[in-house]
Every structure is written in structure tokens, then in C-alpha cells.
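This report goes through some features of one protein model. Have the sequence and the structure at hand while reading.

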Amino acid sequence: MRHRAAILLFSLLAIATLGSGVWLYGYGQALGQLQRRGEADLALAADRLTAQLQRYQELAVFMADHPALKSLAEGQGDAALAHALLQDAADKTSALDLIYADPEGGVLAASRPDGLKSAEIVGTRFFERALHGALGAHHAVDARYGTRAFYFAAPTFGADRKVKGALIVVVDVGTVEENWRGDGPAVVFSDEAGEVFISNRSELLFWRRAAGEVSFHPKQGKAPAFQSYYRSGYEIWRLNWGPYLPERGLHIVQDLPLIDMLGEAIMDVAPARRLAALQAGFVTAVALAFGLILWLAMERRRVLAQANAALEARVAARTQALSQTNEMLRREVAERQEAEAALKKAQADLVQAGKLSALGEMSAGISHELNQPLMAIQTFAENGGRFLERGNADKAGENLGRIGQMATRMARIIKNLRAFARNESEPMGKVDLVSVIDQAVELTGARLRQDGVAIDWDHAGPVYALGGEVRLGQVFVNLINNAADAMVNADKRRIEITLETTPRLAVHVCDSGPGIDAPDKIFDPFYTTKEVGSSEGMGLGLSISYGLVQSFGGNIRGANRPEGGAVFTVELDPWAEESAA
């Protein structure tokens with residue numbers, strides 16, 4: 001009982017650990033997806049802010065070289081015209097103010113009379129940068145305008161390439177934020193001091209986080225609670241700052257050197273936590289269901305074990321009798337295996353005897369095939385000697401070349417004989433069917449020429465089948481020899497061999513003999529149409545061929561042709577890569 005309780009407790013702990021692991025993994029994966037989406041949203045917000053500010057930056061650059069302003073800088077322009085020009089530009093672009101000042105900071109023209117004064121311009125970073133011939137930019141909370149402002153200052157150059165003045169464009173950041181306030185996730189843009197200057201959430205303005213502390217601008221009141229921690233390599237902020245900000249948010253940062261600010265986004269992680277919880281809950285439920293099934297199976301196994309223990313006593317009583325019976329069966333199996341091995345050996349010996357019998361039948365023709373080249377070699381050798389005695393080296397060389405050709409012919413005949421006679425023990429494999437038939441035709445060629453039998457066989461290119469090369473060669477030698485035997489007394493003696501490749505490989509061996517008397521008995525052992533006591537065979541050739549083709553997974557059949565004669569068809573499986581497997 002205690003053992004089962006310990007197993008149950010351990011299983012529950014394992015399932016709880018599994019659920020926690022799945023939650024952590026799923027949460028990490030969801031945070032990764034949230035990070036990628038947040039980076040895209042932050043990049044979109046940064047591009048939108050940069051594009052809006054760049055419009056005012058380009059306004060400062062383009063209008064700084066306006067003729068009315070340049071003339072005013074050189075002391076020759078019309079101040080009223082310049083004032084009207086700047087006011088018109090401010091109205092059309094929604095700029096907060098446009099101010100044109102000389103190098104000493106004196107205001108030469110402005111779009112509004114209550115704008116920046118000379119003392120508020122001199123010494124500012126953006127104005128000093130413009131006096132050095134570069135584009136100046138800065139941002140601050142402007143007390144005169146009572147709002148957050150961006151400043152762009154572009155220089156005006158005189159004919160001597162010296163700075164004669166600067167055009168200052170003041171941008172109301174609130175106007176820029178109106179188009180995207182409350183849109184998408186919380187996005188903030190902070191300056192080098194870490195203070196939030198631009199945001200689509202007003203409650204985050206002027207918030208500052210430095211050295212682990214949180215502070216707010218005096219106008220915003222007391223800083224709320226803040227906590228930062230890492231989960232799966234991602235920074236998570238715990239805020240709880242109101243209904244428009246997430247309680248927990250993924251913190252994403254992007255540097256914006258174009259406006260000298262840092263972009264930050266806070267993505268709500270609540271959907272990621274819910275997804276991870278669903279995944280963990282599903283896996284935990286599956287594990288609990290599996291554990292319950294396993295528990296029930298163990299209980300059932302325990303009950304069955306008790307029942308089996310009771311049955312074992314009854315089975316033991318019958319074991320002795322069954323053991324004796326099994327011993328008898330093992331002896332019978334061993335005897336059958338020995339008989340099967342003897343049968344296979346007898347079949348192999350019979351196949352080899354069939355091949356040797358076929359070689360015996362072809363021996364006279366083969367002897368003639370070998371005797372002809374030997375006599376020719378002797379004649380060419382004698383003639384070559386005489387030509388050498390007469391000093392005719394060219395003729396002697398021709399005779400030596402013919403001797404080489406005769407020797408090559410004899411080597412090919414002997415090679416085919418050796419291949420046909422060897423006892424093949426290799427497994428089935430890839431066999432070139434055309435090459436096998438070519439060798440069979442060459443082996444039987446001498447006998448066919450001796451008996452005056454014409455053979456028609458021509459096929460270009462290799463055709464690969466599944467089988468054994470030597471055993472297939474014996475099949476076709478047997479079929480050709482049987483066809484020749486059947487046409488001994490025929491007026492027309494002709495063998496035709498054709499090869500079909502579709503739908504299955506099929507070789508047809510046709511003769512012009514008298515045909516088959518009993519096609520259904522032609523493959524029976526010791527069935528023959530030859531005279532009793534004949535030395536030409538015992539009726540085993542076709543039976544052996546039938547067994548060989550069947551061992552390759554093929555089929556062989558014999559039939560009579562409508563136009564006279566017999567046809568034997570050998571069907572084989574084509575070679576394929578899966579055949580090797």
C-alpha cells in the first residue's frame with residue numbers, strides 16, 4: 001500500500017514539474033514572437049516620428065537660403081516681407097514658430113511676436129551649431145511656449161561662404177504626437193539623460209529611470225512603483241500604472257541617432273502568459289490522463305498477476321506432458337530440416353548435372369569451334385615463318401595479327417564455357433538480360449551451325465532484370481538446345497528470340513519444329529518426347545529451368561504457335577533500386 005502511495009506522489013510531482021517546464025518553454029517562445037512584433041511596431045513608430053520631424057528639418061534647410069532672408073541678413077531686405085514669409089510657412093506646416101536671427105542672436109524676423117528673444121537664442125546648442133555651418137537640433141520643455149519643443153537651426157551663407165544668419169524652426173511635439181497617441185503598444189522616446197520626452201501614453205511623459213531608481217518630472221507628481229526582471233533572456237517590466245499600460249510588459253529598445261534619442265516599447269505579455277498557461281495546462285491534462293490510464297493498467301496487471309499465479313499451479317501439472325510433446329516435435333522438425341537440406345543439395349547437384357549434360361551435348365560443336373581457330377593459328381604461324389624467311393615483315397605481321405584474333409575468339413569461347421559451368425551460389429541481383437542471351441547464343445552457336453539451325457536474335461542496349469547470371473544463362477541454353485532438338489527432322493530450322501520490356505520483362509524463344517504434344521506436362525520431371533534410351537536427355541532440362549525461373553520470382557510457360565512450332569516465354573521482374581533493398 002505504501003509502495004503504491006509513493007508511486008502516486010512521485011507521479012504527481014513529475015507531472016507538476018513537466019507542466020512548469022512546458023510553461024517556461026512556451027512562455028519563452030511566446031516572448032520571442034512578442035519581441036519580434038514589438039521590434040517591428042517600435043521601428044514603425046520611430047520611422048513615423050523621424051519622418052514627421054524630418055519635414056521640419058528640411059523646412060529649415062530649404063528656407064534658410066530664401067532670397068528674402070538672405071537679403072535681410074545682408075541689411076538690404078524688407079523685414080515686413082520676411083515676417084510675412086515666415087508666418088505663411090508656419091501656418092502651412094503647423095510649425096510652432098520660425099525665427100530668423102543674425103550671428104549675434106538678434107531676431108531679424110519671426111512668425112509670431114511672442115517667440116524666442118535674442119537672449120534665449122544666444123548660447124543654445126542648436127544656434128551655436130548653426131553658426132558653425134552645420135544643422136543644429138535640440139529639444140526641451142520651452143517655458144516661453146509652455147510646451148515640449150524641438151528646435152532645428154539651419155545656417156545662411158553669404159557670398160564669402162561665411163554664416164550670415166540662421167533660420168530656427170520650433171516644432172510643437174504635442175502636435176506630432178496627436179496623430180499616434182494611444183495607438184499600438186506603449187512607445188516612448190527618451191533623451192541622453194534617460195527622460196521620456198515623447199510618448200503615445202501621456203502618463204509616461206518625463207518619466208526617468210536611472211541607476212535602478214524611478215523618478216518623475218515635478219509636474220507629474222510622485223513616481224509610481226516599478227520593477228524590472230528577466231525571463232528567458234528577455235527584460236520584463238512590472239508597472240501597474242493604470243488602465244492604459246500593461247501590468248507586465250516586455251521592454252524593447254532601439255537607438256535613434258538621427259534625432260539623438262532612444263526608442264523604447266512596452267509590449268503587454270499577458271497574451272504570452274495565457275498562451276503558455278494553455279500549453280502547460282494541455283500537456284498537464286494529457287500527462288494526468290496518461291498517468292491515470294497507466295495507473296489503471298498497473299492495477300489491472302496486479303489483478304491479472306494474482307490470477308496468473310493461480311493458473312500457474314494448474315499449468316505446472318500439464319507442463320511435463322507438453323515438454324515431452326515439444327521434444328518429439330523438435331525431433332520431427334530436425335528430421336524435416338535435414339530432409340530439406342538434402343533436397344536442396346540434390347536440386348543443386350541436379351542443376352549442375354543439367355549444365356554439364358548441356359555442355360556434353362554441345363561438346364562436339366564446341367570442339368569444332370576451338371579446332372578451327374587452332375588450325376588457323378597453325379597455318380598463320382607457318383605462313384608467318386615463311387614470310388620472315390623471305391624478309392616480308394609486313395605480311396608476317398598481318399599473320400601475327402590474325403593469330404591474335406583467333407586467340408581472342410578462343411578465349412571468349414572458353415570464358416563463356418567456364419561461366420556456364422561454374423556452380424553459382426551468389427544471391428539474386430542486377431543482371432543484364434541482353435548479355436545473358438548473347439552468351440547463351442554464343443555457347444550454342446557451334447551446335448546450331450552444325451545442325452543447320454538459323455537463329456534470329458538482335459537487341460540493342462542493356463535490359464536489367466532481377467536474377468542470377470549463371471542460372472539465367474542455363475535456362476536460355478536449355479531452351480535453345482530443346483528448340484534445336486525439336487527441329488532435327490524439320491525441313492525449316494529456325495529459332496527466333498524476342499525481348500519485351502512492358503508491362504513485364506518477357507523473353508520469347510520460338511522454333512519451327514512440330515510443336516508440343518502435352519503443354520501441361522512439359523515441365524514435369526522426366527517428361528520427354530525423345531525415344532526411350534536416347535542419349536540426348538532424361539527430360540530434366542525444362543523441369544530444372546522451371547525451378548530456376550521460379551526461384552527468381554518469375555514464370556516460364558510453353559505453348560504452340562498458330563503458324564506452327566513452339567514458343568517458350570520467360571517472364572522476369574525488372575531491376576529496381578527497391579529490389580536491392
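## Helix α10

Helix α10 is mostly covered, with 15 of its 18 residues buried. Buried means under 20% relative accessible area, exposed means over 50%, and partly exposed lies in between (1.4 Å probe, protein chains only). Helices (H or I, at least four residues) and strands (E, at least two) are DSSP runs, numbered from the N terminus.

The helix covers residues 469-486, and at 1.5 Å a residue it should span 26 Å, which agrees with the 26 Å between its end C-alpha atoms. The expected span is 1.5 Å times one less than the number of residues.

## About the model

This is a predicted model, in which local features need pLDDT of at least 70, side-chain atom pairs count only at pLDDT 80 or more, and totals for chains, interfaces and linings use all residues. Residues are numbered from 1 along each chain as its sequence is written, and side-chain values use heavy atoms, with hydrogens and water left out.

## Salt bridges

How many salt bridges are there? The count comes to twelve, where a salt bridge is a side-chain nitrogen of Lys or Arg within 4 Å of a carboxyl oxygen of Asp or Glu.

In helix α9 (residues 433-451), D451 and R447 lie four residues apart, about one turn of the helix. Their side chains meet in a salt bridge of 2.7 Å, N to O. R447 is buried because its relative accessible area is 9%, while D451, at 26%, is partly exposed.

Helix α7 (residues 270-389) holds E327 and R331, also four residues apart. This pair forms a salt bridge, with the closest N and O atoms 3.9 Å apart. E327 counts as partly exposed at 34% relative accessibility, and R331 is partly exposed at 46%. An α-helix has 3.6 residues a turn, so residues three or four places apart point the same way.

R494 forms a salt bridge with D456, the closest N and O atoms being 3.8 Å apart. This pair links distant parts of the chain: R494 is in strand β17 (residues 494-500) and D456 in strand β15 (residues 454-456), 38 residues apart.

## A loop residue

S94 sits in the loop between α3 (79-93) and β1 (97-101). With 43% relative accessibility, S94 counts as partly exposed. The C-alpha atoms of S94 and D172 are separated by 8.4 Å, although the two residues are 78 residues apart along the chain.
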